[in-house]
Amino acid sequence: TGIAGVTWQTDIIPILVLKQLGGTIADVATGINKAVELGVDIINLSLGIPGEFADPYKSPLYTALQSAYNQGIIIVAAAGNTGELLYPAKYPEAIAVGATTYENTVAWYSASDGVRLFAPGGHDNLQIISTDLNTYSTSKGTSMAAPHVTGLISLIKSKYPYISSDSVEELLWNTGIIIDPDYPEQRLVNAYAALNKTLIRNAELKFTNKANSKEQYLVSFCDYNRYFYQILPPGDYLITAHIDTNHNQMVDIGEWYYEQEVSIEKSSVISDLDIRLQINAD
């Protein structure tokens, strides 16, 4: 009531594993086992283990987490707010989620090394609003970011019910928005693109000579970092980029599109083009 979540018509089962001052690893493991017993599809772990964690792969937490993963349950975990990737997000069976600010930059507190997926986590005075006991409250952290991804995965599973944990993580990454061109492996999840499987390799990027519209250059680019290299004769060009979701050769409402004019001078090199597709609303 009074607030919209990422997903809807979803059963949420709260399993208490932490008290006001925290809890034990055994408490979290017991909670995961309870979730497995209840037959959930996704487990959200908005928590992390601070400090040194001895023998993390011999812990009852890992045993419980492995059991859930082996039964096809998708596990989403907060990456951590100390700049370092924490367990359980550090386990390979979990999908680690870092936090971004409202400016779509990695939050200063968020773990980032070893983290590929990010979602809104709030920042200082612009925090994430959520329900609380008999009221609403705001907070920031990767614990706020992880449920965004959990909700998105719930939507994805409603459309692709048999998708695996590894497949959904790759889908979120392949359709995610690169946050910083210097770190192309770090991506902000994109719900629309993920639900429609609008992979970047399906985009058509084209340079059209404005003086001769028949002179067009299609661009090939790298899937991983999304950079491209294109040699063009001097002239004025229209850059267009489009992901044709329904393959009808038209730019429809809701599809991804980009358009920009650029001038190419003889012997010049342009290295700062920042092409970011937007949802077409016209």
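Trainee: Among contacts in the protein chain between residues at least 6 apart in sequence, what share joins residues at least 24 apart?

Mentor: In the protein chain, 57% of the contacts between residues at least 6 apart in sequence join residues at least 24 apart, where a contact means heavy atoms within 4.5 Å. Please keep in mind that this is a predicted model, in which local features need pLDDT of at least 70 and side-chain atom pairs count only at pLDDT 80 or more, while totals for chains, interfaces and linings use all residues. Residues are numbered from 1 along each chain as its sequence is written, and side-chain values use heavy atoms, with hydrogens and water left out.

Trainee: OK, and how many helices and strands does the protein chain have?

Mentor: The protein chain has five helices and 13 strands, and these are DSSP runs numbered from the N terminus, with helices being H or I of at least four residues and strands being E of at least two. Along the principal axes, the C-alpha atoms of the protein chain fill a box of roughly 70 × 35 × 35 Å.

Trainee: What order do the strands take in the open sheet of six?

Mentor: The order is 1-2-3-4-8-7, with mixed pairing, and two strands count as paired if DSSP finds at least two bridges between them. Strand 1 (42-45) and strand 7 (177-178) are the edge strands, each pairing on one side only. Strand 7 joins strand 8 (residues 187-188) in the antiparallel sense over two bridges, with I178 standing opposite R187 in strand 8.

Trainee: And which helix packs on that sheet?

Mentor: Helix 3 (residues 142-159) packs on the sheet, where it touches strand 1, strand 2 (74-78), strand 3 (94-100) and strand 4 (117-120), and its direction makes about 160 degrees with that of strand 2. Angles here run from 0 to 180 degrees between N-to-C directions, and axes are lines fitted to C-alpha atoms, for helices over the stretch in contact.

Trainee: At what angle do helix 3 and helix 4 pack?

Mentor: Helix 3 and helix 4 (residues 165-174) pack at an angle of about 110 degrees, with their axes 11 Å apart. That makes helix 3 roughly perpendicular to helix 4, since angles of 65 to 115 degrees count that way, whereas those under 35 count as roughly parallel, those over 145 as roughly antiparallel and the rest as oblique.

Trainee: Which residues meet there?

Mentor: V149, L152, I153 and I156 in helix 3 meet V168, L171 and L172 in helix 4. By class, this contact has seven nonpolar, no polar and no charged residues; Ala, Val, Leu, Ile, Met, Phe, Trp, Tyr, Cys and Pro count as nonpolar, Asp, Glu, Lys and Arg as charged, and the others, Gly among them, as polar.

Trainee: Switching topic: which residues touch the most other members in the largest nonpolar core?

Mentor: That core has 32 residues, and V28, I32, I43, L45, A68, L85 and Y91 touch the most other members. A nonpolar core is a set of buried Ala, Val, Leu, Ile, Met, Phe, Trp, Tyr and Cys residues joined through side-chain atoms within 4.5 Å, and buried means under 20% relative accessible area, exposed over 50% and partly exposed in between, using a 1.4 Å probe and protein chains only. Helix 1 (25-38), strand 1, helix 2 (60-70), strand 2 and strand 3 are the elements that give two or more residues to this core. Apart from it lies another core, of 27 residues, including A78, A99, I156 and L171.

Trainee: What about the other open sheet, what order do its five strands have?

Mentor: Those five strands run in the order 10-9-11-12-13, and the pairing is antiparallel. The edge strands are strand 10 (216-218) and strand 13 (278-279), each of which pairs on one side only. Strand 9 (residues 203-209) pairs with strand 10 over three bridges, and T208 stands opposite Q216 in strand 10.

Trainee: Where is E215 found, and is N209 buried or exposed?

Mentor: E215 is found in the loop between strand 9 and strand 10, and its relative accessibility of 22% makes E215 count as partly exposed. N209 lies in strand 9 and counts as buried at 9% relative accessibility. Leaving aside neighbours within four places in sequence, N209 is in contact with E215, D236 and Y237.
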